[in-house]
Amino acid sequence: MTNVDTGGRDRLALAVLAQYRMATTKQMHLILSPEVRIEQTRRRLAKLREEGLIDRITLPQAGRTRVWHPTPYGAQLAGEWPELRGRRPPRGAVDRTAVRLKAGHGLTVTETALAFLQDARRRGDVCRPPDWIPEVRHPLGGGEAVIPDALLYYQRRSADGASGADGAHRTTGTDDAGGAGETEGTKGGVMLRAFVEVDRATMGPERLAAKLTAYARLHRYAPAPAVRQRQQPFPEPVQEGWRQRYPLFPRLLFVLDGTGPAGVETRIHALRAATRGHELAAFLREVPVLAAPMTDLLQHGPAAPVWHPIPDTDHGQRVDWMHTRHS
């Protein structure tokens, strides 16, 4: 049978909203089907709304922009799919009031995802909508956790410049977006992973810089072994918790928005000042940390040299986000 809509695009649309939490009509169009007319995306979203799977709010500013989000029913349905298992959105992601109050930050995170997706399409790299995963919880023990705004999986087309301990490794395919490891494929390349923090200048520079300490704690955090293991005559060595998910610790990207050039400079200075303490030395030796203004990402693309190394290892030079100090 030909020309039969099996619901694949509808499924992807619901999956994106369940995973991304929220998106505007234009963002959904560019994520899902940039090659077709936007009217087709509008009809698809309207149909999913009629079926009770998604809903929308209308922002009073910005030309009464419509913001789409999953309903409780839609989130429950999508959460049963293999590709989204274990990623059910928090309660606030399906509540109209919560979506309205979080729209500023949530839509900026989605816009950041779109920047990486579009850049990958232009470059011929592999970064699909499911490869951007918001708010993945990484425990630190004692009820504490590091929760990045997003976890990014990205496969470079070329293996040139690949390095070891910087969140990149050679692979024969793409990672499953839900965990660590490699899957064999027909196209080689370099798999990159990144923790992405989107800052809209809603907190002071010092609080932003304190996130570096949290990621350094995650980098060295090793869960206490089970009692039974301690009683074994030859217990296994204790490993850092992140190694259960990733072959290498993801690089850390700060995307700075909500302020002008002077504010961006202040925040980059705060991040760099926080790296002078010896407690971050081991983390910074192994993990590239970069910061870039959102305006530069949107104008030039993430792969352009718009990123400021943290600390300033390149003496004022800007680099691309795939940069490694070892290359």
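Reader: What makes R56 and W68 a facing pair, and in which strand does W68 lie?

Author: In this predicted model, R56 stands opposite W68, and W68 belongs to β3. The two residues fall within strands β2 (54–58) and β3 (residues 66–70).

Reader: What is the order of the strands in the open sheet, and why do β1 and β2 stand at its edges?

Author: The sheet has three strands in the order β1-β3-β2, with antiparallel pairing. β1 (23–24) and β2 each have a single partner strand, so one side of each is left without a neighbour in the sheet.

Reader: Which helices lie across this sheet, and at what angles do they run?

Author: Helix α1 (residues 8–20) lies across β1, β2 and β3, and runs at about 90° to β3. Helix α5 (residues 96–123) also lies across β1, β2 and β3, with an angle of about 90° to β2.

Reader: Why is α1 called roughly perpendicular to α3?

Author: Two packed helices are described by the angle between their axes and the distance between the axes. Helix α3 (residues 38–50) packs with α1 at an angle of about 75°, and their axes are 10 Å apart. Angles of 65 to 115 degrees count as roughly perpendicular, so α1 is roughly perpendicular to α3.

Reader: Which residues make the contact between α1 and α3, and how do they divide by kind?

Author: On the side of α1 they are R9, D10, A13 and L14, which meet R44, K47 and L48 in α3. The residues of this contact divide into three nonpolar, no polar and four charged.

Reader: Why is strand β10 described as mostly covered?

Author: A residue is buried when its relative accessible area is under 20%. In β10 (residues 251–256), six of its six residues are buried, so the strand is called mostly covered. R251, L253 and V255 point one way, L252, F254 and L256 point the other way, and all are buried.

Reader: How do you know that β10 pairs with β9 and with β11?

Author: Six bridges join strand β9 (residues 189–199) to β10, and five join β10 to strand β11 (residues 289–293). Pairing needs at least two bridges, so β10 is paired with β9 and with β11. β9 and β10 run parallel, and so do β10 and β11. L252 is the bridge partner of F195, and V289 in β11 is the bridge partner of L252.

Definitions and conventions
Residues are numbered from 1 along each chain as its sequence is written. This is a predicted model: local features need pLDDT of at least 70, side-chain atom pairs count only at pLDDT 80 or more; totals for chains, interfaces and linings use all residues. Side-chain values use heavy atoms; hydrogens and water are left out. Buried means under 20% relative accessible area, exposed over 50%, partly exposed in between (1.4 Å probe, protein chains only). Helices (H or I, at least four residues) and strands (E, at least two) are DSSP runs, numbered from the N terminus. Contact means heavy atoms within 4.5 Å. Axes are lines fitted to C-alpha atoms, for helices over the stretch in contact, and angles run from 0 to 180 degrees between N-to-C directions. Angles under 35 degrees count as roughly parallel, over 145 as roughly antiparallel, 65 to 115 as roughly perpendicular and the rest as oblique. Ala, Val, Leu, Ile, Met, Phe, Trp, Tyr, Cys and Pro count as nonpolar, Asp, Glu, Lys and Arg as charged, and the others, Gly among them, as polar.
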